[in-house]
Amino acid sequence: MVHRSRPGKNERRGGSRKRRTNSWPKNEKPKPRKSRSDAERVLEVPIPPQSSTTVLSSSSDSPLHNGPYPYHTLNHAGEEQQFRLLTLYSGSGVARITCTLTTTNLRNPHRRYVALSYVWAGAPNNCQRPDNHRQGLPLHIDIDGFRVFVEDNLYNALHHLRSPNGPRFFWIDALCINQDSLEERRHQVGLMKSIYENARLVIAWIGDHEQGSLRVMTLADRIFREQNANQRHLVLFQALRSKNNEFCGSYRAFFARSYWHRSWIIQEIFSASRLKIKCCGTTIPWDALVLFQRLITEEFFGRTLLDQRVSWGRRRYINRPEIERTINSADRFVDLSRLRGTRRNAQNPTDRSLHTLEKLLFQHWNAAASDARDKVYSMFRMASDSDAYDIVVDYGEGTTATELFTDIVKQCIKINGSLSIILPRRCSNRTPHLPSWVPDWSATTPDSKKGNWADAYPFQVSPQAESYRAALHGRAIVRYSRGSMFALGVRLAEVSDMSQNREEPLKIETRPGLFDWVNQFLCCPCLNPRPKPHDVVQRVSRVEAWYIIFRKSLRATYTHQIRNRIIPPETVDEQSFKRFCRRQHIRFFWILHRATNVQSHERPRGRQTLETEDFLERWRAAYRAAYRDTPGHYTSTLDKEMTPALRLVCRSMGPIQINEKYTNFFVTREGYMGLGPEQMEAHDRICLLYGCDVPVVLRWEEFRNVLVGQCYVAGAMFGEAFDRRRRNEEFEIW
């Protein structure tokens with residue numbers, strides 16, 4: 001401990017002092033007093049005068065101890081909920097960063113403190129360093145006379161957070177928690193949510209200025225302080241017109257920083273009562289960045305920027321695809337802002353349903369963590385149903401990521417009685433020895449371009465869409481043994497053909513048109529030496545490929561249903577095949593409707609919107625006009641190509657909007673059709689499990705089933721195919 005030296009003889013009370021004068025030497029002018037920003041005033045916490053206070057000079061050159069810092073043991077058993085605070089003493093420039101650690105508690109904290117939210121590593125260091133640090137040596141700070149090594153990003157944060165006028169109090173997890181003590185880490189992780197809630201301010205440190213981040217923060221703060229709404233749009237419009245898309249590049253680089261993808265910041269941002277963003281020496285409120293991002297999204301969707309009244313001459317340098325890519329780069333920030341926006345209405349039943357542990361794990365699936373177990377530890381305290389889970393924070397070897405993820409799934413199924421948590425899948429599994437019925441939350445890279453929600457709920461893209469209930473409202477009936485889950489359900493169908501993983505390309509039978517005949521007989525033979533063949537391999541759209549497979553399966557499906565008495569023999573007559581084709585075409589329409597409508601509330605036998613009714617009527621009219629001559633009985637010849645009228649209806653319905661990894665169209669021998677994962681293969685089983693809202697795809701491997709994923713089956717999503725008379729089976733899933 002370094003003590004303040006006693007005053008000298010001439011410095012004691014009553015001694016001689018130098019008189020202060022207002023004169024300066026010649027050729028020298030008084031330096032103007034530097035004004036402090038509001039953010040700096042907020043961070044300053046004056047220390048009340050105490051006789052026992054020991055002040056450490058930031059410019060002290062006293063030698064430091066090289067051993068590990070001796071952390072004092074905290075009281076983990078008491079109700080005081082002890083934790084440490086870091087006192088950051090004043091300093092500037094290349095002066096040594098000097099700190100002390102003191103113990104306090106949540107019930108009666110001695111100081112009002114600021115909590116720091118940051119990334120441990122991964123950010124460049126551009127701040128001014130001492131000479132010994134410029135030689136590539138590790139960065140260190142002074143804590144109670146001990147040399148403590150820190151990462152570059154934390155060193156930068158401390159360098160910019162300290163004040164030249166007085167000490168400040170912070171809570172920083174890397175310094176206030178003894179990282180070598182597993183017991184203390186377990187205890188402090190349980191208090192982190194309360195620590196951030198009780199902090200008078202939370203600073204989100206995202207790093208130094210680089211790649212135009214100063215331009216983004218300055219513009220966001222300017223728009224936030226502007227009271228006139230029209231002036232806000234004008235300021236943003238001028239920024240979007242910047243030459244060489246400087247603003248768009250800066251915007252994407254700002255939200256591509258590693259800070260936004262860290263798993264622990266989810267709890268820190270959600271729990272903060274007051275939140276500010278700090279980048280180097282610039283500090284702005286969190287609400288300023290939220291308003292800025294919302295404003296640029298509104299501009300893209302046509303409020304001002306794309307208004308027809310604005311001429312394209314004024315839109316110079318504005319590129320619509322570039323702006324769309326720019327907006328999509330902030331998806332991670334949008335998820336965080338939405339989560340924080342529901343913090344004020346935590347007791348709202350709708351918000352509580354979105355804050356369950358299951359929803360939080362999937363909505364923030366792409367959050368990164370150095371330890372896979374932190375994906376659960378960083379979120380379960382903020383979940384609305386956290387009290388129902390028995391989760392013990394354990395960083396030792398006793399609990400692996402595989403065991404933790406498996407235990408979370410088991411507890412979720414027991415609490416909710418639903419198997420929805422086992423459905424989401426990602427191909428890039430990183431956790432070893434993980435069963436197929438346990439999601440791998442360590443896989444942070446989304447399979448879909450649409451993000452986390454599409455990976456978790458590929459056929460229910462919008463939270464407002466109506467939930468499915470393929471197995472009606474039954475609770476899950478499961479048991480576990482040796483890593484396998486035994487689930488009770490019924491077998492629905494077996495896959496016979498699909499659109500992906502085909503060995504032969506799709507062939508469309510075409511006939512030469514009038515132009516082909518004219519070109520063949522009127523043109524010179526040397527210019528057209530080879531006539532156009534009738535059977536050609538063409539590049540067809542995805543929907544047309546689905547339709548070709550669907551038409552090919554009609555005859556086989558019809559005979560299979562007659563043979564297995566699915567179609568009653570007494571109903572088979574000369575028109576039975578035509579009626580069968582009509583029903584199957586209506587099912588195919590609902591598959592198209594599901595693939596092109598992300599906010600569908602309609603069901604085949606329920607109330608429908610006017611737009612859906614219009615599409616359905618047009619589809620029926622096009623089918624009747626195209627296949628008026630369809631034979632009423634079984635025939636060996638059947639056209640497979642989609643007619644122009646049907647193709648026009650498909651184009652009017654719009655592009656495919658669901659998860660592109662679940663656009664594998666399949667048909668079964670039993671007559672069902674639907675969309676499934678791209679890993680689906682022939683002879684896979686479509687099953688309905690009790691407690692599962694959607695059908696699942698199981699594959700028989702090595703005397704047990706492997707969960708391939710979920711699927712959409714037309715005519716089976718709302719309990720139509722769940723027949724109580726079917727024989728229940730217990731499926732062993734590994």
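Which residue's side chain does a polar contact of 3.0 Å join to the side chain of Tyr118? Select Tyr118 and Asp173: their side chains make that 3.0 Å polar contact. (A polar contact is a pair of N or O atoms within 3.5 Å; within protein, one must be able to donate a hydrogen and the other to accept it, and residues adjacent in sequence count only if both atoms are side-chain atoms.)

Before moving on, some housekeeping. This is a predicted model, with local features needing pLDDT of at least 70 and side-chain atom pairs counting only at pLDDT 80 or more, while totals for chains, interfaces and linings use all residues. Residues are numbered from 1 along each chain as its sequence is written, and side-chain values use heavy atoms, leaving out hydrogens and water.

**Stop one: around Tyr118**

Stay on Tyr118, which sits in the loop between β3 (114-117) and β4 (140-143). (Helices, H or I of at least four residues, and strands, E of at least two, are DSSP runs numbered from the N terminus.) With 1% relative accessibility, Tyr118 counts as buried. (Buried means under 20% relative accessible area, exposed over 50%, partly exposed in between, using a 1.4 Å probe and protein chains only.)

Now show its neighbours. Leaving aside residues up to four places away in sequence, Tyr118 touches Asn153, Leu154, Ile172, Asp173, Ala174, Trp205, Tyr259, Arg262 and Glu268. (Contact here means heavy atoms within 4.5 Å.) Draw a C-alpha to C-alpha distance to Asn153: Tyr118 and Asn153 are 8.1 Å apart in space and 35 residues apart in sequence.

Pick Arg262 and Glu268 next; their side chains meet in a salt bridge, 3.3 Å from N to O. (A salt bridge is a side-chain nitrogen of Lys or Arg within 4 Å of a carboxyl oxygen of Asp or Glu.) Arg262 is buried at 10% relative accessible area, and Glu268 is buried at 1%.

Then colour helix α8, residues 264-271: eight of its eight residues are buried, so the helix is largely enclosed by the rest of the structure. Glu268 is one of those buried residues, which also include Trp264, Ile266 and Phe270.

The structure holds 18 salt bridges. Jump to Arg479 and Glu730, a pair with its closest N and O atoms 3.0 Å apart. This pair links distant parts of the chain, with Arg479 in strand β10 (residues 478-481) and Glu730 in strand β20 (residues 729-733), 251 residues apart. Arg479 is partly exposed at 41%, and Glu730 is partly exposed at 44%.

Glu494 and Arg669 make another salt bridge, at 3.8 Å. Here Glu494 is in strand β11 (residues 484-498) and Arg669 in the loop between β14 (664-668) and β15 (673-676), 175 residues apart.

**Stop four: the cores**

Select Ile141, Trp171, Phe247, Trp260, Phe292, Ile422 and Phe665, the residues that touch the most other members of the largest nonpolar core, which has 169 residues. (A nonpolar core is a set of buried Ala, Val, Leu, Ile, Met, Phe, Trp, Tyr and Cys residues joined through side-chain atoms within 4.5 Å.) Helix α20 (residues 576-596) gives the most to this core, nine residues. A separate core of 20 residues includes Ala470, Val490, Val495 and Met680.

Cys99 is buried at 0% relative accessibility, and Cys176 is buried at 0%.
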